[in-house]
Amino acid sequence: MPEDVLRATTALVVISPDAGEPVNQPMTNATARDSVEKALMEWGRFRLVMAGEEADLVIAVRTGSGRIVQPSIKGGPIDQRPGTAQSTDGGIRIGGQQGQPPPLNDPGMGTPQNGPRMSNEVGASEDTFEVYRGHGQYPLDSPAVWRYIAKDCLREPGVTAVEEFRKAIAKAQQPPPPSKKP
């Protein structure tokens, strides 16, 4: 685990920009984002922010359908929200923003946005949780520094992806075992 990830204090959770919304479950990615945010709040390690330029880490989520190809809606306002209000057993988070935040990936790359349209999305059949470094321009265009892909890993209760990320950080912060002298 890179040292800057271990020192990170702020995080932004977004829906992966290349994710479409499944036709049969149009809010599944937004629900996964909310579940991950709640699990991160309960963990208490990161302060969640609403904009990428404030975030040490950007966490992109994408739900899987159990199939490699699925009909979806692409090109719509998948991850746009003017504010959020969430509660957990340990607290309440309220956030808001004015205007559209800067994009997290280069808008010149990929398919031009011509509004919502039907598509056949090809991708991982399982849920995906990816961690990127924040603060730079277009953080999602860089390689992920940590990734977890598993069936239903973005669902409550438990949100397995956050628990696995927590374990990976804890393991990376453990001191190395004492060396054995021959």
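The questions and answers below go through a predicted model of one chain.

Residues are numbered from 1 along each chain as its sequence is written. Local features need pLDDT of at least 70 and side-chain atom pairs pLDDT 80 or more, while totals for chains, interfaces and linings use all residues, and side-chain values use heavy atoms, without hydrogens and water.

Me: How many helices and strands are there in the chain?
Reply: Helices (H or I, at least four residues) and strands (E, at least two) are DSSP runs, numbered from the N terminus. From that end, the elements run α-β-β-α-β-β-β-β-β-β-β-β-α. The chain has three helices and 10 strands.

Me: What percentage of the residues of the chain count as buried?
Reply: Buried means under 20% relative accessible area, exposed over 50%, and partly exposed in between (1.4 Å probe, protein chains only). The chain has 182 residues, and the share that counts as buried is 38%.

Me: Among contacts between residues at least 6 apart in sequence, what percentage join residues at least 24 apart?
Reply: A contact means heavy atoms within 4.5 Å. Among contacts in the chain between residues at least 6 apart in sequence, the share that joins residues at least 24 apart is 77%.

Me: Where is Asp56 found, and is Asp56 buried or partly exposed?
Reply: Asp56 is found in the loop between β3 (47–48) and β4 (57–62). Its relative accessible area is 22%. Buried requires a value under 20% and exposed one over 50%, so Asp56 is partly exposed.

Me: Which residue has its backbone nitrogen 2.8 Å from a polar atom of the side chain of Asp56?
Reply: Leaving aside neighbours within four places in sequence, Asp56 is in contact with Ala8, Thr9, Thr10, Tyr132, Arg133, Gly134 and His135. A polar contact is a pair of N or O atoms within 3.5 Å; within protein, one must be able to donate a hydrogen and the other to accept it, and residues adjacent in sequence count only if both atoms are side-chain atoms. The backbone nitrogen at 2.8 Å from the Asp56 side chain belongs to Thr9.

Me: What distance separates the C-alpha atoms of Asp56 and Gly136?
Reply: Along the chain, Asp56 and Gly136 are 80 residues apart. Their C-alpha atoms are separated by 9.4 Å.

Me: What is the phi of His135, and what is the phi of Tyr138?
Reply: His135 is in the loop between β9 (127–133) and β10, and Tyr138 is in the loop between β9 and β10. His135 is partly exposed at 46% relative accessible area, and Tyr138 is partly exposed at 22%. Neither residue is a glycine, yet phi is positive: near 75 degrees for His135 and about 55 degrees for Tyr138.

Me: Is Ser35 buried or exposed?
Reply: Ser35 lies in helix α2. Not counting residues up to four places away in sequence, Ser35 touches Leu154, Glu156 and Val159. With a relative accessible area of 4%, Ser35 is buried.

Me: Which residue does a cis peptide bond join to Glu156?
Reply: The residue lies in the loop between β10 (146–150) and α3 (160–173). The omega of the cis bond is about -10 degrees, and the partner of Glu156 is Pro157.

Me: Which helix gives the most to the lining of the second largest pocket?
Reply: The lining of this pocket has 16 residues, of which Thr63, Gly64, Asp127, Asp152 and Arg155 lie nearest its centre. On a 1 Å grid over the protein atoms alone, a pocket is an open set of points where a 1.4 Å probe fits, with protein on both sides within 12 Å along at least five of seven lines; lining residues have an atom within 4 Å of a point. With four residues, the element that gives the most is helix α2 (residues 28–43).
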